[in-house]
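Open the model in your viewer and keep the selection tool at hand. The tour goes from one selection to the next and says what is found at each stop.

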Number of protein chains: 2
Amino acid sequence: MVSRKAKRIVDLSGALLERRVLHLKEAASLLNVSEMTVRRDVAEHPDQFGYLGGHIVPAADLDADVPYELARAADSHAAAKREACAHAAKHIGPGDTIFIDCGTTLLSLIDYVPESYSITAVCYALNVAEKLTRRSNTNVVMLGGLYYPSSASFSGASGLETLDHLGINTAFISAAGVDLNRGASCAHFHEAPVKQKVISLAQRSFLVVDSSKIGKLKAAFFAPMDAFSSLITEEGETDIAHAG
Amino acid sequence: MVSRKAKRIVDLSGALLERRVLHLKEAASLLNVSEMTVRRDVAEHPDQFGYLGGHIVPAADLDADVPYELARAADSHAAAKREACAHAAKHIGPGDTIFIDCGTTLLSLIDYVPESYSITAVCYALNVAEKLTRRSNTNVVMLGGLYYPSSASFSGASGLETLDHLGINTAFISAAGVDLNRGASCAHFHEAPVKQKVISLAQRSFLVVDSSKIGKLKAAFFAPMDAFSSLITEEGETDIAHAG
DNA sequence: TTTGGCTTGTTATGTTTATCACAAAATTGC
DNA sequence: GCAATTTTGTGATAAACATAACAAGCCAAA
């Protein structure tokens, strides 16, 4: 027979699947043990449970194991990125089909699109998809493929093929480096083919970065500046002269 | 100019993107205001923030706004589902490529695979993908397509094409209904083509359900019983007689 | 510049949570 | 069935958190 303790752990994680948060007191009465015992159970299984001031949560909700230097990237220039998104969102209209690149830069773009707009959003990053699916009035299209933790995104041949069936009005592309002469580059090679194909198919593309990226050049070059209608940063929008 | 308050809210949700949990004290010093102010900010934006005994979390982590009757389905028979997964996981070996179906049934399958096994997992549901990407030693392949909130999964022609490039050893398929004569069915039509193609390509397929599903029949029929090597429930494994 | 409304900080008080040590109860091995 | 070990409960104490009332500060319009 399985020890009482093991059964409690299973019961508790079961209850959490359903409730997402459980107060210590609830958990105790649910499991028919004292609060102290629940405390001990939770403390002994940090892999399964998180504990926040009297509340038990699934460990998954907390684990700062966010893939990607995402965790690291998210803090730096977070405010600038949000401002850049606010500018970029002005280019989105009702009924549009947009493409949202991976990374942290464009994560808040969707927050600046009025709830009333019904749009279709194409993405290939897990964190972006998650946000999009929470929004109503939004069709979400995901490009599949192999997962790359470095950018929390998927890519592969069939993801690229999916793009052939889509009509994208406006693509929002981000970059880890923007050199005003050479163009836009990113740190991970697997992202480049996706970005390039999107840029080639979309009616118009915008390059969205916080200004700290300007002047930098990363390993994977993916587009010259004149591939974009404009460069958008927290400071606003800069038209790109199409005269070579 | 934007009110100071509005900027704080944006900063706070930005910090949460990165940290997932923020202690009241940290938040206060981060925003350069008193704890009391942070309390008030959080209380005024229940849509964005959750608050658990001194800790601020993104509302999304708590909000029972889990898409799908997922929320509803998750509680019922949760223990049975986990037990079924424990049985099913015995069929996974190091180096395998497995397919994990959508729904809540197979969510805990991955928990029963030893950390030391390096595997490749193919999926098409957002909640499954999320769990898989948290695991080390795991290649994750996602089938893309249009998002269906009803099952938190993606499907479409190009997702199906992706399957052609994959060699799947073992497929774990779940169902909303299992009729021992007619076979397996699910509630959403978009899932059926994916399940069918996977079953046709995988070396072997297992049907994994909690026993409450047995005897039920849902709208979208997708496979006869003899398409599966065995039926796995919380009570264990039942070989399926291949004699018609 | 001054008024009035709104925002923020402070303080005080009560409640909840955290931790520890020890006792009681249950399990296990023999 | 008995002793050793583990698990669980209890109560005391300290720390952290919650809440409300009021004072001070900020901002905008007159």
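The model is predicted.

**Stop 1: chain A**

Chain A contains 8 helices and 15 strands. Of its 244 residues, 53% are buried. Among contacts in chain A that link residues at least 6 apart in sequence, 60% join residues at least 24 apart.

**Stop 2: DNA strand D**

Select DNA strand D next, and show the protein residues around it. How many residues surround DNA strand D? There are 14, and the closest are A:Arg8, A:Thr37, B:His23, B:Arg39 and B:Tyr51. By type, the residues of this surface divide into 4 nonpolar, 5 polar and 5 charged.

Now colour the helices. Three of them each supply at least two residues of the surface near DNA strand D: helix 1 (4–19) and helix 3 (35–44) of chain A, and helix 3 (35–44) of chain B. Helix 3 of chain A gives the most, with 3 residues.

Of the atoms of DNA strand D within 4 Å of the protein, 64% belong to sugar or phosphate, and the rest belong to bases.

- A:Ser34 has a polar side-chain atom 2.8 Å from a phosphate oxygen of DNA strand D.
- B:His23 also places a polar side-chain atom by a phosphate oxygen of DNA strand D, at 2.5 Å.
- A:Arg40 has a polar side-chain atom 2.6 Å from a base nitrogen of DNA strand D.

**Stop 3: the three-stranded sheet of chain A**

Select strands 1, 2 and 3 of chain A. They form an open sheet in the order 1-3-2, with antiparallel pairing. Strand 1 (22–23) and strand 2 are the edge strands, and each pairs on one side only.

Zoom in on strand 2 (residues 49–52) and strand 3 (residues 55–58) of chain A, which pair in the antiparallel sense over 4 bridges. Two of the partners to look for in strand 3 are A:Val57, across from A:Gly50, and A:Ile56, across from A:Tyr51. The two strands form a hairpin with 2 residues between them. In the turn, A:Gly53 has a positive phi of about 40°.

**Stop 4**

Strand 2 of chain B is joined by 4 bridges to strand 3 (residues 55–58) of chain B, and the two run antiparallel. The partner of B:Leu52 in strand 3 is B:His55.

**Stop 5: the largest nonpolar core**

In soluble globular proteins, nonpolar side chains tend to be buried together. Here the largest nonpolar core has 114 residues. Select A:Phe99, A:Phe222, B:Phe99 and B:Phe222, which have the most contacts inside this core.

Keep A:Phe222 selected and show what it touches. Beyond its neighbours within four places in sequence, its contacts include A:Ile173, A:Ala184, A:Cys186, A:Ile199 and A:Phe228.

**Stop 6**

Select A:Val128, in helix 6 (residues 126–133) of chain A. Is A:Val128 buried or exposed? A:Val128 is buried, with a relative accessible area of 4%. Leaving aside neighbours within four places, A:Val128 is in contact with A:Ile100, A:Asp101, A:Leu107 and A:Cys123.

Next select B:Thr120 in strand 5 (residues 119–123) of chain B. Because its relative accessibility is 19%, B:Thr120 counts as buried. Its contacts beyond four places in sequence are B:Asp96, B:Thr97, B:Ile98, B:Asn139 and B:Val141.

Finish at A:Arg182, in the loop between strand 10 (177–179) and strand 11 (183–186) of chain A. A:Arg182 counts as partly exposed, at 47% relative accessibility. A:Pro224 is 42 residues from A:Arg182 along the chain, with 6.0 Å between their C-alpha atoms. Beyond four places in sequence, A:Arg182 is in contact with A:Leu217, A:Phe221, A:Ala223 and A:Pro224.

Key:
Residues are numbered from 1 along each chain as its sequence is written. Chains are lettered from A and ligands numbered from 1 in the order in which they are written. This is a predicted model: local features need pLDDT of at least 70, side-chain atom pairs count only at pLDDT 80 or more; totals for chains, interfaces and linings use all residues. Side-chain values use heavy atoms; hydrogens and water are left out. A residue is near a molecule or strand if one of its heavy atoms lies within 4 Å of it. A polar contact is a pair of N or O atoms within 3.5 Å; within protein, one must be able to donate a hydrogen and the other to accept it, and residues adjacent in sequence count only if both atoms are side-chain atoms. Ala, Val, Leu, Ile, Met, Phe, Trp, Tyr, Cys and Pro count as nonpolar, Asp, Glu, Lys and Arg as charged, and the others, Gly among them, as polar. Two strands pair if DSSP finds at least two bridges between them. A nonpolar core is a set of buried Ala, Val, Leu, Ile, Met, Phe, Trp, Tyr and Cys residues joined through side-chain atoms within 4.5 Å. Buried means under 20% relative accessible area, exposed over 50%, partly exposed in between (1.4 Å probe, protein chains only). Contact means heavy atoms within 4.5 Å.
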